[in-house]
Amino acid sequence: MRTMSRWPIRSLLGLRALGLALLALAGGASAVQAQTGPPRMALQRVLPGEALERPLHLAEVPDGTGELVVVEQRGVIRRFAPGAARATVFLDLRDRVSTAGNEEGLLSIAFHPDYARNRTFLVYYSAAGPRRTVLARFRAPAPGRVGDPASQQVLLEIDQPYSNHKGGQLAFGPDGMLYVGLGDGGAGGDPHGNGQNRRTLLGSLLRIDVNRAEGGRAYAIPPDNPFAQARDGSRPELWAYGLRNPWRFSFDRATGTLWLADVGQDEVEEVDRIVRGGNYGWNIMEGTHCFRPPTGCDRTGLELPISEYTHADGHSITGGFVYRGRALPGLQGRYVFGDYVAGTIWSIPADARTLTAPQPLLASGLLISSFGEDAAGELYVLDHGGGRIFRLVAAP
């Protein structure tokens with residue numbers, strides 16, 4: 001059975017996407033526009049003097065400077081001002097990050113909501129010996145502009161059976177809790193049944209309180225977590241489960257709604273709106289389709305996606321954000337996401353109530369590894385293959 005790794009090894013589609021991106025930027029061009037039809041939007045190059053190494057995540061530093069950080073898969077985080085040509089090193093963790101698997105590495109960063117005062121942030125990375133996921137807290141001493149690698153405090157380690165499906169997103173919610181996305185642990189088809197097993201953290205979205213430690217943990221369990229008081233062995237950290245490889249989730253800054261993109265297996269990529277305690281179906285279902293068994297599966301109690309597309313249109317979804325900026329008024333209130341292999345950027349209305357087909361916005365030609373959002377609500381796109389950052393802007 002074929003399984004699509006999150007970082008596919010240069011498939012024909014991936015090579016085509018990278019080639020289109022290079023052609024579009026040949027001759028020093030500063031924007032990538034839609035390949036067909038009149039372009040409505042464009043991607044404007046940011047940090048033009050910097051060739052990044054497999055960028056995966058972008059976030060604004062909440063310290064009033066307006067500067068951004070970008071996470072490189074190899075274990076380095078760089079910091080830069082939006083108008084700068086080059087970035088400086090914010091944190092270097094290459095001495096502890098494992099990139100042995102194509103989907104392993106340093107995967108994301110989340111700044112504490114009170115970062116301006118406590119100077120702490122969280123990172124999620126892969127480690128070896130044994131293969132595991134590490135959630136760790138670091139500190140950036142004031143008034144410096146860099147993090148301290150020696151300040152690491154490990155909050156959580158999770159054994160990983162395979163090298164793929166790591167998830168890896170971190171984000172603080174409007175409630176001040178830290179949300180952590182974890183894939184099913186890898187291989188094809190979830191051979192260990194982790195997606196439907198509430199006794200494991202794999203295949204789930206976690207919600208934890210990193211401001212307190214209790215019960216022998218370096219963090220606390222929010223008492224309103226859906227399984228906080230469970231007596232059946234369910235992990236109290238779980239907020240939602242039944243996920244295959246959640247690759248990027250975000251909170252709508254206007255409504256607090258949690259949006260998550262889950263990478264598909266054989267046929268379907270999906271967008272989910274996450275609810276407390278929700279079971280998102282993997283590996284019983286892939287999107288709205290039965291997976292195991294392939295027909296006649298029991299959908300009782302399962303949360304179905306709000307949008308999906310098949311592998312005729314793309315092979316590896318990358319989640320984004322509900323647009324709340326000002327530069328693109330026609331995009332206001334729409335959830336924007338993309339596909340790593342096809343390079344297409346889509347959107348759907350954030351107020352959709354039934355299964356909604358995605359509307360293409362832009363054929364970028366990029367290997368889209370992540371979207372980012374700044375404090376003003378403007379969106380950025382990361383090109384994993386070309387090592388570049390772009391901002392979504394109105395087409396000239």
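Select P143 to begin: this residue lies in the loop between strand 9 (132–139) and strand 10, strands being DSSP runs of E with at least two residues, numbered from the N terminus. The peptide bond leading from A142 into P143 is cis, with omega near 0°.

The model is predicted, with local features requiring pLDDT of at least 70 and side-chain atom pairs counted only at pLDDT 80 or more, whereas totals for chains, interfaces and linings use all residues. Residues are numbered from 1 along each chain as its sequence is written, and side-chain values use heavy atoms, with hydrogens and water left out.

Five bridges connect strand 7 with strand 8 (residues 120–127) in the antiparallel sense.

**The largest pocket**

Which residues lie nearest the centre of the largest pocket? Select A59, A171, F172, F321 and E373, which hold that place in a lining of 31 residues. A pocket is an open set of points on a 1 Å grid over the protein atoms alone, with protein on both sides within 12 Å along at least five of seven lines, and lining residues have an atom within 4 Å of a point. The space in this pocket is about 770 Å³, a volume being the space filled by probe spheres set on grid points joined across faces, edges and corners. Strands that each supply at least two lining residues include strand 3 (55–60), strand 11 (170–172), strand 21 (317–322) and strand 25 (368–373). The lining divides into 17 nonpolar, eight polar and six charged residues; Ala, Val, Leu, Ile, Met, Phe, Trp, Tyr, Cys and Pro count as nonpolar, Asp, Glu, Lys and Arg as charged, and the others, Gly among them, as polar.

Strand 15 (residues 246–251) contains R248, which has a positive phi of about 90° although it is not a glycine. R248 is buried at a relative accessible area of 2%, buried meaning under 20% with a 1.4 Å probe and protein chains only. Then move to D190, in the loop between strand 12 (178–181) and strand 13 (204–208). D190, likewise not a glycine, has a positive phi of about 60°, and its relative accessibility of 2% makes it buried.

Select W282 and N283, joined by a cis peptide bond with omega of about 5°. N283 sits in the loop between strand 17 (268–274) and strand 18 (285–286). W282 also lines the largest cavity, as do R244, D262, Y280 and M285, among others; a cavity is a set of points where a 1.4 Å probe fits but cannot get out. The volume of this cavity is about 50 Å³.

**The disulfide**

Finally, select C290 and C297, which form a disulfide with sulfur atoms 2.1 Å apart, within the 2.5 Å limit for such a pair. The link is left-handed, with -75° about the S-S bond, and both cysteines are buried. One disulfide is found in the whole structure.

Notes
Buried means under 20% relative accessible area, exposed over 50%, partly exposed in between (1.4 Å probe, protein chains only). Two strands pair if DSSP finds at least two bridges between them. Helices (H or I, at least four residues) and strands (E, at least two) are DSSP runs, numbered from the N terminus.
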